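Let's walk through this model together, one question at a time. Have a look at it first, then join in below.

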Amino acid sequence: MKKLSLLDIILLGITNFALYVGAGNIIFPPFLGLMAGSNAVIAAIGFLITGVGLPVIAAIALAKVSGRLNLITLPIGVKCGLAASVVCYLCIGPLYAIPRTATVSYALAVTPFVEEDKYLPYYSAAYFIFAALVALYPSRILDTLGKVLSPVKIISLIVLIAAGALIIPGEGSAPQGAFVDASFSQGIINGYLTLDTLASLAFGIVIVDAIRSRGIDDNKSIVKYACISGTLAGLGMMTIYIGLFNLGYHSYALTPTAENGAEVLSAYVNFAFGSGGSFFLALVICVACVVTAIGLICACSSYFSKITGINYRIYVFVIALFGAVISNLGLTHLIKISVPILIAIYPMFIVLVFGSFISGLLHSPRRVIAPTAALSLLFGFNDALESQGLSPLPEAVKSALPMYQDCLSWLIPCLAFAAILMIYDRIKGPAAKVHAANETD
């Protein structure tokens, strides 16, 4: 039985880590650290639970089924599962995340030097040509990302968080805003809203394909190496997030009125690195974004190629071209559409991920998981409407639902509903053969 070398395992973990950490993941924690002030540790713990814990659990769940998302969505039926998966890939890929990597990197890395958007078309064209050329060869992903781009990204981040630990501009402030009384829950909420659990479901297919490219074809080994990779990525994210929380906490004296993490990082790198700080931050942001873009293009192209039979490379070019066009013409409008959809389906996918771990204990996974997923989807749709100011629920109902304002109102009702259904499943016993057969259709 063929095994991965230690170097390949390390490269796999580095690649997996680098796929996750885009510009949003880099600029989010410093702002939370600044806002949480003396409660930064408590906020960071909450953030790590949902911002790292959930994505790692999702990655392990996908590894268990060799990157086949359809097996995780199986309890809700083949057609519903396919529809949900397609929507997921479209939203975290070409409709939102992929074009956003270009616009965010341009805004954070280029605009400070040119202060205008007229170069965005040239930047996005070069950006997506490069991303597409790398994505054309997914079998070499460990060599292109693992050996070249990912180390640059990781070394830059290590330099940044090391500077944050050694070059300290001052002490943090008292907690601000919602962090005064609810730092832990704010950390939980903000980690949850990174939506990285959905990213795990996309990147899983990239990691599994990378393992197979090294000649590993038995399912048990694929699962083992994918789990190791997910764990290494989680440890890496945890380290970086803690470092960035610390950086943000100590940056209050530099930018006490900062409105986002980009302002915090910009103020800090200029303090720590002087005139070269802006160039250093530009390098970090550009590499972070393009690595994530490459991973998403690979993931989406691989998925759509497998379900349609159309050549993988055609999808690479189409998705890259779409990303370039949208990043210049219509990203704002797509975000208005895509983000509510992501909010709507996110709870359902969390239910499906956790359901995949308990399905072996159930007489009929569909009997328990499908109704719970449906309930979570209803809550998700309401959260999506709420994000647009259109929720139909009366205020009395909203106030009665725990964690409603935090987009987590689905959690307790779904846990209770799942517990009741598990008791019912235990009493009902094994499903009839016809129903059992239907569960694998």
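A residue is called buried when its relative accessible area is under 20%, exposed when it is over 50%, and partly exposed in between (1.4 Å probe, protein chains only). Please keep in mind that this is a predicted model, in which local features need pLDDT of at least 70 and side-chain atom pairs count only at pLDDT 80 or more, while totals for chains, interfaces and linings use all residues. Residues are numbered from 1 along each chain as its sequence is written, and side-chain values use heavy atoms, with hydrogens and water left out.

Q: How many helices and how many strands are there in the protein?
A: Helices (H or I, at least four residues) and strands (E, at least two) are DSSP runs, numbered from the N terminus. By that count the protein has 0 strands and 19 helices.

Q: What is the radius of gyration of the protein?
A: The radius is taken over C-alpha atoms, and the globule rule is 2.2 Å times the number of residues to the power 0.38. For 441 residues that rule gives 22 Å, and the protein is close to this value, so it is as compact as a globular protein of that length. The C-alpha trace spans about 70 × 55 × 40 Å along its principal axes. The radius of gyration itself is 22 Å.

Q: What percentage of the contacts between residues at least 6 apart in sequence join residues at least 24 apart?
A: Contact here means heavy atoms within 4.5 Å. As for burial, 54% of the 441 residues count as buried. Among contacts between residues at least 6 apart in sequence, the share joining residues at least 24 apart is 81%.

Q: How many salt bridges does the structure hold?
A: A salt bridge needs a side-chain nitrogen of Lys or Arg within 4 Å of a carboxyl oxygen of Asp or Glu. One of them pairs D425 with R367, with the closest N and O atoms 3.0 Å apart. D425 lies in helix α18 (residues 411-428) and R367 in helix α16 (residues 365-387), so this pair ties together parts that are 58 residues apart in sequence. D425 and R367 are both buried, and the structure's total of salt bridges is 8.

Q: How many residues apart in sequence are the parts that R214 and D8 tie together?
A: R214 forms a salt bridge with D8, and their closest N and O atoms are 3.2 Å apart. R214 sits in the loop between α10 (196-212) and α11 (219-250), whereas D8 belongs to helix α1 (residues 6-20), so the separation of the parts they tie together is 206 residues.

Q: Is D143 buried or partly exposed?
A: D143 forms a salt bridge with R214, the closest N and O atoms being 3.3 Å apart. This pair also links distant parts of the chain, with D143 in helix α8 (residues 141-166) and R214 in the loop between α10 and α11, 71 residues apart. R214 is buried, at a relative accessible area of 17%. D143 has a relative accessible area of 28%, so it is partly exposed.

Q: Which residues does Y252 touch, not counting residues up to four places away in sequence?
A: Y252 is found in the loop between α11 and α12 (261-273), and its 27% relative accessibility makes it partly exposed. The C-alpha atoms of Y252 and F31 are separated by 9.6 Å, although the two are 221 residues apart along the chain. Leaving out residues up to four places away in sequence, Y252 touches L34, E171, G172, S173 and Q176.

Q: What distance separates the C-alpha atoms of A174 and G37?
A: A174 is found in the loop between α8 and α9 (183-192). Not counting residues up to four places away in sequence, A174 touches M35, G37 and S38. A174 and G37 are 137 residues apart along the chain, and their C-alpha atoms are separated by 5.1 Å.
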